[in-house]
Amino acid sequence: MSSRLTSTVVLPVLLLVAFAAVPFVATALEQPFWISFFARILIYAIAASALNLALGYGGLVSFGHALFMGLGSYAVALPAFHGIANGWVHLGLCVGACGLVAWGVGAISLRTSGMAFIMITLAFAQMGYFALVSLKQYGGDDGLPVAATSSFGGFDLGSTLPLYATALVVLALLTWWMAKLRVAPFGMALRGARQNARRINAIGLEARRLQLVAFVISGATCGVSGLLLANLNAFASPSSLAWTVSGELIVMVVLGGIGTVAGPIVGALVFLGLEEVLKGWTEHWMVIFGPLIVLMALVGRRGIVGLIAQRPKAGRPATPVVASEGGV
Amino acid sequence: MSASLLFVQLLNGLQYGVLLFLLAAGLTLVFGIMSFVNLAHGSLYMVGAYAAALAYAASGSFALAVLAAMGAALAVGLLLEVAIVSRLYRRDHLDHVLATFGLVMLFNELVRLVWGPQPLFVQVPEVLAGTVQLFGFNYPSYRFAIIAVGLLVAIGSYWLINKTRVGMLIRAGAQNPQLVGALGVNIGLLNAMLFGVGAMLAGLAGAMAGPLLSVQSGMGEPVLITTLVVIVIGGIGSVNGALYAALIVGVVDTLGRVLLPLLMRQVAERSVADAAGPALASMLVYLLMALVLALRPQGLFPARRG
Amino acid sequence: MNRNTLRATALAAMLATSSLTGHATTVGFMAPLSGPQALVGQDQYDGFMLAVEQLGGKLGGQATTILKEDDQLKPEVGQQIVRKLIDKDKVDAIVGLSFSNVLMGSLPRLAESGVVAIATNAGPSPIAGASCKANVFSTAWQNDGAAEAMGKFAQDRGIKRVYLMAPNYQAGKDMLAGFKRFYKGEVVDETYTQVNQPDYSAEIAQLQAAKPDAVFVFYPGGMGINFVKQMSQAGLSGKLPLYSVFTVDGTTLPSLGDTAAGAIGAAMYDASLDTPENRKFVAAFEAKYKRTPSLYAAAAYDAANVLDLGLRKAGGDPKKLAAGVKAAGSEFKSVRGPFQFGKNNMPVQNYYAFETVRAGGKVVTKQIGTPLSAHADSYAALCKLP
């Protein structure tokens, strides 16, 4: 079996099956804590996958994706505060608001590139943070408890098992879609734009428009992860828009394997799992975690999935390294 | 608001801007010439602040404390450059972001591990502990000192960049790094030196800020983000741009914080104004940056590119 | 009796007592142990552990394991920790619960599980009012309390014009509202600054221009240190009376030093309180940790003692623990003076006024009054608990 097939199909499927088994194992062992723990990992995997679309496929280093997670959370908390528990309303508001904001942020940010793009996406996330903190009637800095969790006609995301199932299904669909997108016309053009925007423009495809579309989809999908998070925690807080959260999402994507299909899932799993393990050893776990991230940056960006895909087989040359972000 | 109050607030804005300039000057060169995104610049500022606090407590001499801060920041900066940063120049910005993000985590936790979570207390030096009478206001002498130091550094950096050979190499490097290397200049040494000077300035800023702000783990990040905004507004790679932008940001932020709530009270109900005013004021600087980037992406005072 | 009977009796005795004692007690302690408020978290942990040590490592007479957790002052992290403590570690009680925002974030899970939770640093108005829970207590204060006391004190002193300042988040707004509830003079202005804002030069200039008789602020942790130092640098120390809550306290005083001289604060506790329990507590704390305990340490110390007594009353039955703790509130000896839990499980206690003065080259606090005695909060009426 070729390593391409392994990393694109087998690995994600294996992971999803393993995730599906978790609730059964946890219930058998009478440790329900693990269901909510892994639910959190699923949610971050969704957010990381969404970022992967912009970052991995599109080459857009967005340091502000926490903004969308936060908006998604508030898309649940705000209507719930006013007594609206309808899940469809929450979802519609979430996708609509995040898509709109992503369109605005993207339109302005894509006028720049490189460092300026990173800075401006960071700035927008900060603006979102300050805006939410200023809303006193909605809790402000203290956050807003979710009065009524999303209910899709009787199927309520407030309980852990339905939430877990929903998150898993969303992740599975998203992963499948990302795999398909990778080789679909839009995805190929997008990845082309990342490698060399000038060429893409030259053949008649507008690189910037492609990137904007990708950014909007990425933002809206990331918002969905925020919606799920708000239901899991029954809480929405401005601290989920902190720039450190955006940074952690980037780390997850790169750690797993930037631009790959299974990468974000692996990245979220390893990042959050490692964090939990280290926390058990010492309260100063960041002294170990920080250098690990530095090491990861130094060693190479292929990530874990990239390493798996790169295993040299007899008689087959190694596939070339992903090109760096291109041009204009 | 009276004219004298406005003047005092302008001074406050100037002082804040000068502090930002100290940080922005080093950072913009690193960004512009080495094209390196250094999120750990705030950590170098923190190193300077801690070194100054400890040296001051041990020796009682503020001058010595400042020198210690600059030395410590220089040492740490050079160490980082040689060990990590120099390996990443050829990589793209994502790797820089990741590596320096990890470094920020490490530094914050290390500082907390060694010195604990208690903020360190740095006294204002006796000679600067008084106030100056200004139009009926008492303005702290220490803040005047900061303005003076900042202007000295600005003049010094102007002289360095525009009147010396090293400065010429720096300007050339900002316009075309590869060509400078091709001309036989030891670009590795130049880069290390630049990074070191940037670190030293950050350390100086940390030392000067110590008596004003609490010296504690994580003190670098809020300042870092504003510094990044300054650099983007000023134009990446341009020290002049950093100076003007820093002063603009300092004044806009300070005046915004005092004027916006007052303005809002004219147009909106008191409780709304009290909530929205400070929030808008915090967002003001970011709005300014977004505006600059939307209209003039290369910054307001960019380094002239060939 | 012969050896076999002796053995049998011993075995029977052991079995009998072990069925009484049941499983070992586990208590989760959650506080912000990193970040800008790490001092508060550390003080709380130290206060709590001192009490546990004095009780021989036992709470409720059982050997107890304390699980120490850092919530980093993030509601999301606090939630995960609370879940872990309840679902994975199956703790008997949770103590600490950090600041109001973290506490509110964890409230749904706490309420749902019925596990006894004792907050040692918060008493947000929702929990004091309509969202009160039978298993959630506070041994610290109801958030408005100290500010109300300061307002009353300023009113009693005849201060005519006060300038108010606080950070722009819920607690800041609550503090200023609490102050105004009891202060009837003129409020010159109300300024809200950014949370964790480091530089107050602009606001201090505004303050000077307004020429009030006094200024009342709420700036916890690092914010307080910055503000007071900068006020001093502007030459205002000693010229403009500074009234505050949670700003000049045991944790910030070492960093503030001389700049805090003359500041007046209100709180339910200070190390200078002259009660026998407090003298013993302060002596023990200083001997062990080489620093003076703050009100945060005292709240946590009291929480340990209240929990100990509550566990004894419950006699090993988890369903009786909440009632046990409530009853214990009225019986145990707090270091702050009179104490009991109100109907809404919030403290009913004295609030004292303290002044920071120079004494022998250092700064110390001394008590200058008791503006509010046996003070219950204003939200209790909204609580539906019996």
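How far apart do the C-alpha centres of domain 1 of chain C and domain 2 of chain C lie?

A: They lie 29 Å apart. Before going on, this is a predicted model, where local features need pLDDT of at least 70 and side-chain atom pairs count only at pLDDT 80 or more, while totals for chains, interfaces and linings use all residues. Residues are numbered from 1 along each chain as its sequence is written, and chains are lettered from A and ligands numbered from 1 in the order in which they are written.

In chain C, domain 1 takes in 12-141 + 274-345, and domain 2 takes in 145-267 + 351-375 (the bounds come from an automatic or database domain assignment). Where the two meet, domain 1 of chain C puts in 14 residues and domain 2 of chain C 13 residues; two residues are in contact if their C-beta atoms, placed from the backbone, lie within 7 Å. On the domain 1 side, α2 (38-54) and α12 (295-314) of chain C each supply at least two residues, with α2(C) giving the most, 3 residues. Helices here are DSSP runs (H or I, at least four residues), and strands are E runs of at least two, numbered from the N terminus. By class, that side has 8 nonpolar, 5 polar and 1 charged residues. Ala, Val, Leu, Ile, Met, Phe, Trp, Tyr, Cys and Pro count as nonpolar, Asp, Glu, Lys and Arg as charged, and the others, Gly among them, as polar.

Chain C also touches chain B, with 30 residues from chain B and 30 residues from chain C in the contact. On the chain B side, the largest share, 5 residues, comes from α1(B).
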